[in-house]
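Please have a look at it before I go on.

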Amino acid sequence: MGGAVVDTGDSGVKAPDGGWGWAVLFGCFIITGFSYAFPKAVSVFFKELIREFGVGYSDTAWISSILLAMLYGSGPICSILVNRFGCRPVMMVGGLFASLGMILASFATNIIHIYLSTGVITGLGLALNFQPSLIMLNRYFSEKRPLANGLAAAGSPVALCCLSPLGQVLQYKYGWRGGFLILGGILLNCCACGALMRPLMALKKTSEVDEKETKPKPKPKLLDFTVFRDRGFLIYTVAAAIMVLGLFVPPVFVVSYAKELGNEDTKSALLLTILGFIDIFARPTCGIIAGLKWVRPRCVYLFSFAMIFNGITDIIGSMAKDYPSLVVFCVFFGISYGMVGALQFEVLMAIVGTEKFSSAIGLVLLVEAFAVLVGPPGAGRLLDATKNYMFVFLLAGCEVVLSALVLAICNMLFIKRKPEQPDPPAKMEMAVIDTEMEELNKAPKNDQDNGGGENGKKQAIEQEPESIGVGSIELENASKNVTEPNGVVVEPESSVKILEQ
């Protein structure tokens, strides 16, 4: 890895908002699909594993739980590796781990081997792909970032609709061992997606930039804990942890809920297909809405609305007594679930910025890992105690609504909105105008020094256009420097220094 370019995210390059960024978006779409859909798709093989190893359903369910725990819990490790080696090499190594885990699992002789191979190794590999792909997406998109996040998040329902039927076909034709082996080969595509993550590089253009690059730069922190000083980040982390407690509960229990009401297995499983289909269109649509000019500065409150929508849907869905009402619940849950999925990382990017996002997402995922391990099992214990699905959905809805209230109310009370600062060209224009005013103010003094007669007035008039001409030339040059097409950012204050000299 010594020859790899380390993309620290502090290259001073403006996000292209397109170009190669669309290839990065495609790679992030695939990785997001694998990361979120794979733990659910593996559950297709659970019945075969129960028969093979003579274990219970709860034993096999630990495979998906360990996968999700590794995906979330290894966030800080991913942040350290990304800040040390860059996104591309980390993702390609992660793709090898993800594939290796499934291949080793195909030779397992007991359930513990599958825990270690599929759960730990594959889970770590997916984590090493998921987080860096989001970091690169954040670096390649700025103005179009909400749309890019929505499109990338759509990879999860699309992959779920593809991987679950594929798993059933593989199990029928090749058994669970052959299915695991083929899925391991499919996961090698993570390496190809990692190769798409080309780091942004600034082109050397001026001697001034060369001088800046020769100066020694401080080494970036492997894990930046200063994000905890940001009130917005703390509020987001607490709200996200509460949200995750209940967010994933309804998709886990809705099929069992339908069976409890007396519906057939195939008819009950169709509910997840409906939910996933709605989710596919909800995420990009929400990304478009979040990118609107008057919505984007308030995306935190849009995220809060999405969570309230999701929580109220759970609460109302708890009263469902027949199949049609569950279908309606899945439609509205798919919309709200898609909105949450499209906005959760967009809001985090907006809060912490590009430079600290690699550390922030790792720390957030670590906190969410504990909630993921507590949420669904806790709901299962509640179901065992009450024997009533209504209380499970009510609890999930209340948790999600509580997280929305924490996020919205704390942002209104503790986060002060910063005044909008003018962009660099506007700053340049203001600086040049101030310089011109100083020249004009000197004119009366020169008039007095020259006797205060007609000669003094003529001299002042002659000096005035000269100063204005210099200012307009400097303003034009400064604007050219700021909007340089090769992506190099040159400090606009340099022209002001020339004027002062």
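Which residues of the largest nonpolar core touch the most other members? Before I answer, note that this is a predicted model, in which local features need pLDDT of at least 70 and side-chain atom pairs count only at pLDDT 80 or more, while totals for chains, interfaces and linings use all residues. Residues are numbered from 1 along each chain as its sequence is written, and side-chain values use heavy atoms, with hydrogens and water left out.

By a nonpolar core I mean a set of buried Ala, Val, Leu, Ile, Met, Phe, Trp, Tyr and Cys residues joined through side-chain atoms within 4.5 Å, where buried is under 20% relative accessible area, exposed over 50% and partly exposed in between, with a 1.4 Å probe and protein chains only. The largest such core has 120 residues, and those touching the most other members are Phe38, Ile114, Phe180, Phe233, Phe303 and Leu348. Helix α15, residues 323–386, gives the most to this core, with 27 residues; helices here are DSSP runs (H or I, at least four residues), numbered from the N terminus. If we leave aside neighbours within four places in sequence, Phe303 is in contact (heavy atoms within 4.5 Å) with Tyr236, Met243, Val340, Leu343, Gln344, Val347 and Leu407.

Turning to the rings, a search of the whole structure finds 16 aromatic pairs, a pair being Phe, Tyr or Trp rings (for Trp, the six-membered ring) with centres within 6.5 Å, called stacked if the planes are under 30 degrees apart, edge-to-face if over 60 and tilted otherwise. One of them joins Phe228 and Phe233 edge-to-face, at 5.4 Å centre to centre and 75° between the planes. Phe228 counts as partly exposed because its relative accessibility is 33%, whereas Phe233, at 0%, counts as buried. Another pair, Tyr257 with Phe393, is tilted, at 5.2 Å and 45°, and it links distant parts of the chain, since Tyr257 sits in helix α12 (residues 249–260) and Phe393 in helix α16 (residues 389–414), 136 residues apart.

Finally, the axes of helix α1 (residues 21–41) and helix α6 (residues 111–140) come within 9 Å and cross at roughly 150°, the axes being lines fitted to C-alpha atoms over the stretch in contact, with angles from 0 to 180 degrees between N-to-C directions. Among the residues making this contact are Cys28, Phe34 and Phe38 of α1, together with Leu126, Phe130 and Leu137 of α6.

Technical notes
Helix = DSSP H or I, 4+ residues; strand = E, 2+ residues; numbered from the N terminus.
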